[in-house]
Amino acid sequence: MLGSLVKGPIEALPLYAVLTVVHLELSGNIVNACLPVCEQIVGALRHLGFAAETMAAYVEVTKDGRRYGGIGVNGKATVYPDGTTNGHTVVWAESFGRLVDATVAQHPELNRAVHQGSLNQSAPLVLPVGERELLLQGAIGAIRPPYQLAYLALPQHTSVFDGWVASYREPLDYGALSMAHRGLIALEAAGKMRNIRQLAHLYPQLGRLLNGVDQLPELGEPPASIAQLLAIGRQAKTAEGN
């Protein structure tokens, strides 16, 4: 993700800045974390002035013609009492015309590769799609060597997660704002390695933040409820290891 921040297309740089923050924090430790991560990415992008949404999805994973099982379910997911789910979510970053899977490494095969030293497998996957209508026309293919991935967007099933989101609204909002603050720091760091002045013309709201004309809300102290959010992924990972 750092390479994308330095060399990626200027119009997508704000997205890559947020995803760099995600990658640095979550590499190799992303089991059952798709929903909280997606919600925080969406919130961070909105703080920076961009349109994005969390979307239910199903992913088929294959290698050399062999199917390795999917991520999520091809249909309506189930949210369990402990806060975990058998579903999968991605981010549709409308402002950038891109589909983002920040937790693709939760798939056992890719996760195994991460823990064997292939950190590239843990990076968020970003697919240029263009229009939302194209995303909904059928499976979208991607390659993360040596694996082939096929994404099926299921926005009609995203509402199954509404209750979960409402239950964790406070820590999700805090995490989103924190991610937005750190995304701005990443953009400022990128500005020391490349010319990012064009961003202010492309995205006036972001430009005002970068120039100090506007400021994000103060972050403050993390709410106690954030521990409950963090515990979801930890519990899932502990269960997987037992």
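Modeller: Let us begin with a term: a residue is called buried when its relative accessible area is under 20%. Please keep in mind that this is a predicted model.

Biologist: How many residues of helix 3 are buried?

Modeller: Helix 3 covers residues 34–47, which makes 14 residues. Those that are buried include Cys 34, Pro 36, Val 42 and Leu 45. Helix 3 is largely enclosed by the rest of the structure, because the number of its residues that are buried is 12 of the 14.

Biologist: What distance does helix 3 reach from its first C-alpha to its last?

Modeller: At 1.5 Å a residue, the expected value for helix 3 is 20 Å. The model is close to this expectation, for the reach of helix 3 from first to last C-alpha is 20 Å.

Biologist: Which residue just after helix 3 takes a positive phi?

Modeller: Helix 3 ends at residue 47. Just after helix 3, a phi of about 100° is taken by Gly 49.

Biologist: How are helix 3 and helix 7 oriented to each other?

Modeller: Helix 7 spans residues 169–190, and its axis comes within 7 Å of that of helix 3. Among the residues that meet are Pro 36, Gly 43 and His 47 in helix 3, and Arg 169, Gly 175 and Ala 180 in helix 7. The crossing is right-handed. The axes cross at roughly 55°, and the two helices are therefore oblique.

Biologist: Which residues of strand 7 form its covered face?

Modeller: In a regular strand, side chains alternate between the two faces of the sheet. In strand 7, residues 147–153, the uncovered face holds Gln 148, Ala 150 and Leu 152. The covered face consists of Tyr 147, Leu 149, Tyr 151 and Ala 153.

Biologist: How many residues lie between strand 6 and strand 7 in their hairpin?

Modeller: Strand 6, residues 140–144, runs antiparallel to strand 7 and is joined to it by 5 bridges. Ile 143 stands opposite Gln 148 in strand 7. Strand 7 also pairs with strand 1 in the antiparallel sense, over 6 bridges. In the hairpin of strand 6 and strand 7, the number of residues between them is 2.

Biologist: Is Glu 94 buried, partly exposed or exposed?

Modeller: Glu 94 is placed in the loop between strand 3 and strand 4. Beyond its neighbours within four places in sequence, Glu 94 is in contact with Ala 51, Ala 52 and Arg 132. Its relative accessibility is 35%, so Glu 94 counts as partly exposed.

Terms used:
Residues are numbered from 1 along each chain as its sequence is written. This is a predicted model: local features need pLDDT of at least 70, side-chain atom pairs count only at pLDDT 80 or more; totals for chains, interfaces and linings use all residues. Side-chain values use heavy atoms; hydrogens and water are left out. Buried means under 20% relative accessible area, exposed over 50%, partly exposed in between (1.4 Å probe, protein chains only). Helices (H or I, at least four residues) and strands (E, at least two) are DSSP runs, numbered from the N terminus. Two strands pair if DSSP finds at least two bridges between them. The expected span of a helix is 1.5 Å times one less than its number of residues. Contact means heavy atoms within 4.5 Å. Axes are lines fitted to C-alpha atoms, for helices over the stretch in contact, and angles run from 0 to 180 degrees between N-to-C directions. Angles under 35 degrees count as roughly parallel, over 145 as roughly antiparallel, 65 to 115 as roughly perpendicular and the rest as oblique. A crossing is left-handed if the near helix is turned anticlockwise from the far one by less than a right angle, and right-handed if clockwise.
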